[in-house]
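Subject: Structure handover

Dear colleague,

Here is the structure I said I would pass on. My notes on it follow below.

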Amino acid sequence: MINNAHVEPGGPAYTEELSAEVRLTKFSVGRMDNNCYLLEHSDGSSILIDAAADPGRIARIVGEAAPDVVITTHRHHDHVGALAAVVESRSPRVVAGFDDVAEIERQTGVSGTEPVQHGDAIAAGSLSLEVIQLVGHTPGSIALVFDGRVLFTGDSLFPGGPGKTSTPADFSSLMDHLTERIFDRFGDDVVVHPGHGDSTTLGVERPHLAEWRARGW
């Protein structure tokens, strides 16, 4: 990643070959500039992260092949706006963090969501993503790890700091999890793809951990 993988709603998608077999497509949808991520393997399997809005644009990006799995990083309405339409037209498996499943299903009317927790793996063909639970932005917020070197963090980590929290306890929880489960574990070259806006690396963000904790947001 050399250009922050910048995308805008309705604008060109960003694509990157993560390996000889795996391609990443990042694109933005909706009035809140939500990022959607499509991982495709040469074996034909694919995973869509956050069917946030604009199902027509998602369908155009995904193309004829239905994603095998749609993963929702957390329960907020701007991350699930196209979920029901994608499920109706493509019939993928649907996955979300355990503590957000009930609220996601209530909002979308989508049933049968597979709940996942910290340390679980989500597989589709030869693709596999590890689940990291990051409690704070929502109770069931999850990040996803590809190959130990690419993170999809939803709204839990952005360039410049953690995602929004509602209480000091939620903020402390999120900062503790980010520190212990992300920054203490992964190296500086690991790429962070957030739920909105540009991408970054852990190396860029790491020097600011104490600053974030001190400011309280």
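In which helix does V101 lie? V101 belongs to helix 3, residues 101-108; helices (H or I, at least four residues) and strands (E, at least two) are DSSP runs, numbered from the N terminus.

Two points on the source. This is a predicted model, in which local features need pLDDT of at least 70 and side-chain atom pairs count only at pLDDT 80 or more, while totals for chains, interfaces and linings use all residues. Residues are numbered from 1 along each chain as its sequence is written, and side-chain values use heavy atoms, with hydrogens and water left out.

Overall picture. The chain contains 6 helices and 15 strands. Along the principal axes, the C-alpha atoms fill a box of roughly 50 × 40 × 30 Å. Of the 217 residues, 52% count as buried, where buried means under 20% relative accessible area, exposed over 50%, and partly exposed in between (1.4 Å probe, protein chains only). Residues 24 or more positions apart supply 53% of the chain's contacts with a separation of 6 or more; a contact means heavy atoms within 4.5 Å.

V101. With a relative accessible area of 11%, V101 is buried. Apart from neighbours within four places in sequence, V101 is in contact with A96, T113 and P115. V101 and G160 are 59 residues apart in sequence, and their C-alpha atoms are 28 Å apart in space.

I122. This residue sits in strand 8, residues 121-124, and counts as buried because its relative accessibility is 2%. Not counting residues up to four places away in sequence, I122 touches a list of residues including I47, V69, I71, R93, V95 and L144.

Helix 1. Which residues of helix 1 (residues 55-62) are buried? They are R57, I58 and V62. These residues cover an arc of only 130° around the axis, so they lie on the same side of helix 1 (the arc is that of the directions from the helix axis to the C-beta atoms). The buried residues of helix 1 pack against strand 2 (22-29), strand 3 (34-41), strand 4 (46-49) and helix 2 (83-90). Just after helix 1, G63 has a positive phi of about 80°.

Regards
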